[in-house]
Amino acid sequence: MATIILQAADRNQVSGASSLEVSLGSPTEQLIIFSGVAAPEINVNDADEFVDNEVIVKLGVSVSALESGVSEVALASIENDESRFVFATNMSTLEVDEETAELQLRVHTTICGEGTKLHRFSYQIVAKVSKVASRISGVIRIPQMMVDLVNKTQEEVFAMFRVTANRIPDEDGFEQPGPVVATGKITSRTFVDGNTVLEYVIDGCPFNTELRVFVPTTGLAQDLKPRQVTPPLKIVLTKFVPAVAGIDFEIVRIPLP
Amino acid sequence: MDIITTDTPMPTEFTRIPVSGPAPLNTLAYIRCRGGGLFGGPLEHHYRARFVSTFQIAKFDQADLDWHRAISHISAAPFFFQLDTSSDFSFVMALEDIKPFIDDFGRIGFEVQISQRGDFGGRLFSGTDWILGAYEVSAYALLYEPRPQPPLPPIPGQSKGKLRPEIIPPHFGKPKKKLIVTDTFGLGGESSD
């Protein structure tokens, strides 16, 4: 039985992925709902043999405990070429990846037939969890000489700068953002020594995963880019080191080619 | 890509659950509605079916539409509940993607990307050859809906009834009947039987 791993944060692997978090009154307990259309693209060409696969959908949220959860999975995209066929999403379970504390959906599928493909299946999950208290934080310094943000409202400034923690796919792709595993927020804006200083936090990052913080921007001049000015570039949070502070960025001018 | 819009809201079931946030969101709605669009028609068709449910944000004011769109969260998935073909021909039936939205009237709707392909002479769902598929959408929406404020607690000492309820002593046996003798003006003494 083959295992296919999909990342909910990657639109090519899961389309329409969405989640929402509901407070249940207690600061640590939350109800999280996930939906999406996963694309395992399983392909067989035999009408006499049943082929089983296991598909794991990484949901991109780390938790310290999964108290309870239910999942629903159903066929969303199938193809057959004039033969007897079987399409099945037999069983789905919600679990926590022991290594990274990330929630994941495990689906057992079976297909059979000539020219037969299980392109996609839909899922919806309702989980009651305790969130991991993991955090990456820092500041983004924007020299006023380069970008004058004094006359912009706080909301306009927050909309220009996003912060994300991205999984590092491999050493070759270190400079390129991998899948987003957690999205942060700007918490404050101050003006210090000719700089606009934005403080940010990213909560709920997975443990034991190589991460890098990126600052996607909108509305900046083409030659202005955010650059990380304090190490480390590669961040790994663990149960023993659940938070890292001082991951700072600065907007710098980069000569255009 | 074509967009096929269904103007009539699709049959919907929903329920509202009060929640405590994140503020200002206070309502979690579960919505299940029939999917719009059709499987059938041309041999190969890729389109987006756009339709609304009957669920509407309570006391919705159109002036607040952008605000509702900015703060609300909707998580939705489409699920096939029927797949059928008339014969053993090649086919594709697909719900590729879903995008929820809030329309101008505060109703929650969905845009579902649908693909279908049949490989035989003729059109789908005509003559003797056909493909049939039906789906529904299951969605959770985290919203703000105005709620009546709960009544304030009584001011201590001013709510006799609530704070110091009257205790009625237990009554055992049949109560004794009392006979009152009066004169024509309603005045008179009291006697017991």
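**View 1. Strand 1 (residues 2–5) and strand 4 (residues 44–56) of chain B pair in the parallel sense over four bridges.** Strands are DSSP runs of E with at least two residues, helices are runs of H or I with at least four residues, and both are numbered from the N terminus. Two strands count as paired if DSSP finds at least two bridges between them. The structure is a predicted model in which local features need pLDDT of at least 70 and side-chain atom pairs count only at pLDDT 80 or more, whereas totals for chains, interfaces and linings use all residues. Residues are numbered from 1 along each chain as its sequence is written, and chains are lettered from A and ligands numbered from 1 in the order in which they are written. Within strand 4 of chain B, Y47(B) stands opposite D2(B). Strand 4 of chain B also pairs with strand 7 (residues 107–119) of chain B, in the antiparallel sense and over 10 bridges. There, S115(B) of strand 7 stands opposite H46(B).

**View 2. Chain B comprises two helices and 10 strands.** Along the sequence these elements follow the pattern β-β-β-β-α-β-β-β-β-α-β-β. Of the 193 residues in chain B, 27% are buried, a term that requires 20 or more other C-beta atoms within 10 Å of the residue's own, with C-beta atoms placed from the backbone; 12 or fewer is exposed, and in between is partly exposed. The mean pLDDT (the predictor's confidence in each residue, from 0 to 100) of chain B is 81, and 77% of its residues reach 70 or more. Among the elements of chain B, the highest mean pLDDT, 95, belongs to strand 3 (residues 27–34), and the lowest, 47, to strand 10 (residues 190–192).

**View 3. Chain A meets chain B through 29 residues of chain A and 27 residues of chain B.** Two residues are in contact if their C-beta atoms, placed from the backbone, lie within 7 Å. On the side of chain A that touches chain B, strand 2 (14–23), strand 3 (29–38), strand 4 (42–80) and strand 6 (102–131) of chain A each supply at least two residues. That side of chain A has 11 nonpolar, 14 polar and four charged residues; Ala, Val, Leu, Ile, Met, Phe, Trp, Tyr, Cys and Pro count as nonpolar, Asp, Glu, Lys and Arg as charged, and the others, Gly among them, as polar. Strand 4 of chain A and strand 6 (residues 90–102) of chain B run antiparallel and are joined by four bridges. I78(A) has M93(B), in strand 6 of chain B, as its bridge partner. For the complex, the predictor gives an ipTM of 0.73 and a pTM of 0.71.

**View 4. Chain A is assigned domain 1 (2–131) and domain 2 (135–253).** These bounds come from an automatic or database domain assignment. The centres of the two domains of chain A, taken over C-alpha atoms, are separated by 31 Å. In chain A, 11 residues of domain 1 are in contact with nine residues of domain 2. The largest share of the side of domain 1 that touches domain 2, three residues, comes from strand 4 of chain A. This side of domain 1 of chain A has three nonpolar, four polar and four charged residues.

**View 5. Four strands of chain A form an open sheet in the order 9-8-12-14, with antiparallel pairing.** Strand 9 (180–183) and strand 14 (235–236) of chain A are at the edges and each has a single partner strand, so one side of each is left without a neighbour in the sheet. Strand 8 (residues 164–167) and strand 9 of chain A run antiparallel and are joined by three bridges. V180(A), in strand 9 of chain A, stands opposite N166(A).
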